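Here's a quick briefing to keep beside the viewer.

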Protein chains: 4
Amino acid sequence: MPSRKLATARTVGVYLVGGLGDIATTLLVGACAIRRGLASRTGLVTDLPPLDALGLIEPAALRFGGADIRPGTPLEAAGAVYRASRTFSRELLDGVRDDLAQLAPAFAHDPALQWSTACAPGDPPLAEIAARLRARLRAFAQAHDGLVVVNLASADAAPAPSACTTDLDALEAALAGNRKDLITPAMLAMHCALMEGHPYVNFTPNAGPELPSLRALAQARRVPHCGNDAKTGETLVKTALAPMFAWRNLRVLSWEGVNLLGNNDGRMLAEPQRRAAKLRNKRDVLEKLLGYPLHSDVAINYVPSLGDWKTAWDLIHFQGFLDVPMTMQFTWQGCDSVLAAPLVLDMVRLADLARRRGEAGAMRHLACFFKNPIDVDEAALHAQFALLLAYARDRAAPRAAGRRGIRRDPSPSAG
Amino acid sequence: MPSRKLATARTVGVYLVGGLGDIATTLLVGACAIRRGLASRTGLVTDLPPLDALGLIEPAALRFGGADIRPGTPLEAAGAVYRASRTFSRELLDGVRDDLAQLAPAFAHDPALQWSTACAPGDPPLAEIAARLRARLRAFAQAHDGLVVVNLASADAAPAPSACTTDLDALEAALAGNRKDLITPAMLAMHCALMEGHPYVNFTPNAGPELPSLRALAQARRVPHCGNDAKTGETLVKTALAPMFAWRNLRVLSWEGVNLLGNNDGRMLAEPQRRAAKLRNKRDVLEKLLGYPLHSDVAINYVPSLGDWKTAWDLIHFQGFLDVPMTMQFTWQGCDSVLAAPLVLDMVRLADLARRRGEAGAMRHLACFFKNPIDVDEAALHAQFALLLAYARDRAAPRAAGRRGIRRDPSPSAG
Amino acid sequence: MPSRKLATARTVGVYLVGGLGDIATTLLVGACAIRRGLASRTGLVTDLPPLDALGLIEPAALRFGGADIRPGTPLEAAGAVYRASRTFSRELLDGVRDDLAQLAPAFAHDPALQWSTACAPGDPPLAEIAARLRARLRAFAQAHDGLVVVNLASADAAPAPSACTTDLDALEAALAGNRKDLITPAMLAMHCALMEGHPYVNFTPNAGPELPSLRALAQARRVPHCGNDAKTGETLVKTALAPMFAWRNLRVLSWEGVNLLGNNDGRMLAEPQRRAAKLRNKRDVLEKLLGYPLHSDVAINYVPSLGDWKTAWDLIHFQGFLDVPMTMQFTWQGCDSVLAAPLVLDMVRLADLARRRGEAGAMRHLACFFKNPIDVDEAALHAQFALLLAYARDRAAPRAAGRRGIRRDPSPSAG
Amino acid sequence: MPSRKLATARTVGVYLVGGLGDIATTLLVGACAIRRGLASRTGLVTDLPPLDALGLIEPAALRFGGADIRPGTPLEAAGAVYRASRTFSRELLDGVRDDLAQLAPAFAHDPALQWSTACAPGDPPLAEIAARLRARLRAFAQAHDGLVVVNLASADAAPAPSACTTDLDALEAALAGNRKDLITPAMLAMHCALMEGHPYVNFTPNAGPELPSLRALAQARRVPHCGNDAKTGETLVKTALAPMFAWRNLRVLSWEGVNLLGNNDGRMLAEPQRRAAKLRNKRDVLEKLLGYPLHSDVAINYVPSLGDWKTAWDLIHFQGFLDVPMTMQFTWQGCDSVLAAPLVLDMVRLADLARRRGEAGAMRHLACFFKNPIDVDEAALHAQFALLLAYARDRAAPRAAGRRGIRRDPSPSAG
């Protein structure tokens, strides 16, 4: 394990697929702002004890690059987010303007990273797309002491059922055979990351970490990964709140949710086939949490005027003693990207640690970040968070001496 | 410990101080309805596994009695609750009418159980009040295989600071000296229960289980007890929801709560000195959960037209990444007594078990039921519930063999 | 005009198409309860001054009959509503049980009153269905001093575009030609009512009063009618609230609404083609009220556990001075049938008056009761209500002597 | 009356008592932004037809000055509002920075404009305070073609009952006699405005336009005035919504309101004696609107983190047909100053018109702007707005020829 001195000198690359979206942009603004001391680190889960004793890479030591199907630069994207949603202040934007400007060369414009199943003549074949992406990853990785690939792209339609999802050979044959009808953009992105040996964080509902074909590759290459579909609002609240009903033996009759959002995510999710995976993730969680089937619908409506400010309203109709029906409702008004961006930092930091420690496969300890965590049955937020704490305690113990909230370990090897 | 055969034959008395209030009445209706199969057992926490494997006394084997400062009978009180709040249906009321009617002789009308600090001439002295209450407890206990005393009375003003709260001798001297200015009704009730050797459940915010003087008595008599101030609505939600903000490192700036209720509890709490203890319990919990001081007010307003249907609205103003402020709000519309009554059954069942097992003092494992649990620092609902599960697993282990949902282990070694 | 004495002796028939639905049933229970003094007249708009000075038929003098495609009796339907939604108390139901029982013979079971466009062999032709309905109306009318037909049936799909909607001859040819693909059940019902000379109240979003073909018939027969789609919840609130934004020159950016309901209406509206007319009525109203196009969606979701208790949540995103965006949200939790039923009584009373006074065609003064009022452009509730007040003042003046809120007219011809 | 050419050349002074508060500051920013075309005129009621045809002074022709007990300049105040509440964007602030800077000389720092009833030695006497204020008004008025005085100061305690409130001679004797125990700061401000012959707009709940003593002065000097207590949020909604319940004959059982706000207004209103007038205004309105007494409480809580963003939650518990109880709730999240500032512009424009037209006394047509309008019984928003429309139609008639939305009638007879 590196000494403390080396740890601070390390730099780790973060490669963002969908690098000009709202979440990516907010993340870049935030990382720069934190480095310059213009914003607090509020929202960073990895700052909580005992996670803060894991020797994680500092946000200031992360170096960002990426690709997007849209043209533009991080600075332009930040200006657009500021104008549309005013999530961060003009002062903050001004304070990181130069930093953002310097990021431009690291962000590639690559429209080929998205495709429809019907190929147009002249479209580059999958093998070429993959080769280009891997070349970029390789170049970026050489400049740093590690690299984490994060998928922040828009929602794909689900992959067509085929052997590609279960069998690695079939997947690679389909890549070679340019089967855009069988391989989704996210599957390609994860394949490239793994082939290059870099941890992969699937922030989206897109296919990837749950597919046996790609999991086999991750194991073969000894690469950690995580997913699917980060939870930042309504589902987060559900996984915190639904156990309360279970623990009081109150029977939930119906749980109806409405999500209004006006960002690009909302615009894309207005298409039913893109929305399908997200809705499934949102619905299934309640049945897991409560242990019985219940009436539960989730609507996602595109309301442009809200910009990045997602407003969710949920009605919970439940039955208590003497079978008396009662209700709870909540409204959640949060800025989607502000809720999401620090989780990317958290997962990058933890993925980098896992890779350094030689841990491979699904990072089960990151379950608390996802609507549909891979390889973790537990749906309750407290239990998912306990997985993260337990992971941290196991690994942090020798270093935790002297930190807040942590029992001291008097062994001389600490620190 | 009794054999299984005896276990089913056992009856346990439940003595309700404040036996004609809305919670007590709903409890009586519910216990009768469950016994007759007219209502489900929804809301009974002790029906959840592994609690259901503890061999707890069945609700059908509980026998109820009590006293109230108001005149009336359980049947009359049930009619009044039905008319004011329609929490249960007329069919249900009709179905338990005869059962309720038979309870009348077990409920005493005793106005002396409440007093103001300024004694009027002719008021019975404390020693006489206590003697009467203890005589009733003794008579009731003789008819059953156990007795649990539950305080469901209205909120008292806090006891004046004195040695009575800390020193048992001082307390007993004050009882003998008729110091109604130093002894509150709830202190007397708990003293009587302990002197008679019966577990004491303090459902109210009134003083008792937290006082060193009475705790010393509980230890001396080897009696279990629990309190204070059962959580059934807004505070329950707070203890489920606030950890979510902590686990995401989101900083709560303000948490404002408003409680509207129209039952007798609401009417009494409209008096500021009665409200004080309840408000303190409601406020302190957030600081414990979040670990830092925050702006938090809780209002309790009396709105007669709502009857027993408590409506709480909370606004949570919090800060995320880049210090962006966001909001969550919730509305809770529940029937107070329906939420409270099954918890009384739960605590009675568990108190009876503790007494049978020879456990004495504060029942820490009941923390999840209270706003201000005695001897438990943990304020998060999941952690409090984990205490209950751990308690149950320890004691249920031999019986829990097999899996969730299996109620009985027929092996002769059980129990 | 009849003298006052005769007025009290008059009885008026109310013929309910869809006579066993929740609204009809609640109306019957309510009318009986009011007659017996078991419930107040709260919710009756026609009890407000100056409407109360119009000499309207008393609710107690109304006599009810009707038809439904479902089998059953009013008493059975009332029991079902009571069990599903507990909108009225058991005491109330018991108090009107005998009255409801006596209504059974006046309610026909007639499955032919609904059809799909694809006729099955053996289905009765339209001419036969109409003849049967008209025969029932005629028999019922003979027993009373007037008759009003009210459509309370489930939502139809919209009629196929054809000359039937615009031309009376074409409509009658289609009836004779059994064109079930061109004539909807509600068109037939209105045709029958008008042919028999009885006022027609279209409580539903179904086609009728707005069709030129049927309007021509109403004029020819000198019969008053009204519609479409009574407003009882979300739309009612919209028409009261949206003018506030207009009067403050606040610009509404988005107005999103969600309606959750669990009654038969909700079940039928879960079918998109049935929902279309209702959604259009709900959406159009905002643009009329505000004077500019805006983003506005309305969802109607079926949530069985809610029964007749409709829960609507609306988010209003608006812009003020300096173009600052702000929000308002509201939740409406009302019992659909309880909100609707008194409006039926109001409209029947006013339709009876109109007929007695020889008024024909669209009753514009009833606009305040409808989502999409016929022949009235004004969408604001206050302006619609002003139409009703003006109508009443015109006609009530001579009689208003001595009533609350009404200026006395000392003329001896009053009464 | 001035010709059209002169009308555009006219400038009107606006003298703001409390000129550095949040509302005043937002007003200054907004007026400058509108003049420079940096913001729309959204929120200006006087832009609606037919008000836009009254030939009102243009906002660009208003010139602002004022006094405050706090030190500072409008530019400093704008910076503070921007930092605390971010109601307007940094770009907007930058765009009007120079304009705001130029306003500084017109704003006086005068701590003597507020006093407690207990005079400290050395405090200037009332006569001196008044003389200074009048001198400022006189100087400011000379530079313009008219002047309107607007009270935007913090809430005073109510004036002690005395002849000063009813009798002008007594009031003037008390001013001369330095009776700070009888004269409130707002009474003095209004007295000065009237003595100088300038219209007075009382935006606050402070005493003034309703006092017979000051009204007598207004009549004697032929000066128009208006008040009290502008409505911008919860009360505005109440006056739009409560009539709906009345028009449906739904009986409101309870209407509970909670207002959370974190601006200086909120801080001052946390003191019970300052809050009294505001709460009374908020409560009385419902009884006026509904016509019967009802349970209604209004809470105002200070929540600093909300800044100028007022959050109000109201619960309306009402009874419908068959006496069934139902509920509505709403949440209002608005920026207090953004809602208030354009109303100041509206009232200034209309007060200037009234003065030009020689209208004196209470401006009844401004009732729709106030919680407690002077001389107007009507509490419903639509009826109050109708007063304004009628006033405008009467006076705009010659110009309004043509139709809605046409701004100017170029005929030489106009005006």
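Start in chain D of this predicted model: Asp352(D) and Arg10(D) are both buried. They're also partners, joined in a salt bridge whose closest N and O atoms sit 2.9 Å apart. The two come from distant parts of the chain, 342 residues apart.

- Asp352(D) belongs to helix α12 (residues 336–356) of chain D, while Arg10(D) is in the loop between α1 (4–9) and β1 (12–17).

**Salt bridges elsewhere**

- Over all chains, a search of the whole structure turns up 96 salt bridges.
- In chain C, Arg90(C) and Asp94(C) pair through their side chains at 3.1 Å, N to O.
- Both of those residues are in helix α4 (residues 90–103) of chain C, and their spacing of four residues is about one turn of the helix.
- Asp94(C) is partly exposed, with 28% relative accessible area, while Arg90(C) counts as buried at 18%.
- There's also a network that takes in two chains: Arg86(A), Arg90(A), Asp94(A), Arg97(A) and Glu91(D) are linked by salt bridges.

**How chains A and C are related**

- Turn chain A by 180 degrees, with a shift of 0.0 Å along the axis, and it lands on chain C with an RMSD of 0.0 Å.
- The two copies are therefore related as by a two-fold rotation axis.
- The same surface serves both copies, with 100% of the contact residues of chain A recurring in chain C.

**What the A–C interface is made of**

- Contacts involve 20 residues of chain A and 20 residues of chain C.
- Interface size is often quoted as the accessible area lost when the parts come together. For chains A and C, the buried area is about 1,600 Å², 65% of it on carbon and sulfur atoms.
- How many salt bridges run between chain A and chain C? The count is zero.
- Polar contacts do turn up between these chains, with eight residue pairs counted, both residues at pLDDT 80 or more.
- On the side of chain A that touches chain C, β7 (251–261), β8 (295–302), β9 (309–319) and β10 (325–335) each supply at least two residues.
- The top contributor there is β7(A), with five residues.
- By type, that side of chain A splits into nine nonpolar residues, 10 polar and one charged.

**Chains A and B**

- Chain A can also be laid on chain B by a turn of 180 degrees and a shift of 0.0 Å along the axis, with an RMSD of 0.0 Å.
- Chains A and B meet through the same surface, so 100% of the interface residues of chain A are also interface residues in chain B.

Methods: Residues numbered from 1 in each chain as written. Chains lettered and ligands numbered in written order. Predicted model: local features only at pLDDT ≥ 70, side-chain atom pairs only at ≥ 80, totals over all residues. Heavy atoms only, no water. Least-squares fit on C-alpha atoms with pLDDT ≥ 70 in both. Contact = heavy atoms within 4.5 Å. Buried area = accessible area lost by both parts, 1.4 Å probe. Salt bridge = Lys/Arg side-chain N within 4 Å of Asp/Glu carboxyl O. Polar contact = N/O pair within 3.5 Å; in protein donor to acceptor, adjacent residues only side chain to side chain. Nonpolar A, V, L, I, M, F, W, Y, C, P; charged D, E, K, R; others polar. Buried < 20%, exposed > 50% of the residue type's maximum accessible area, 1.4 Å probe, protein only.
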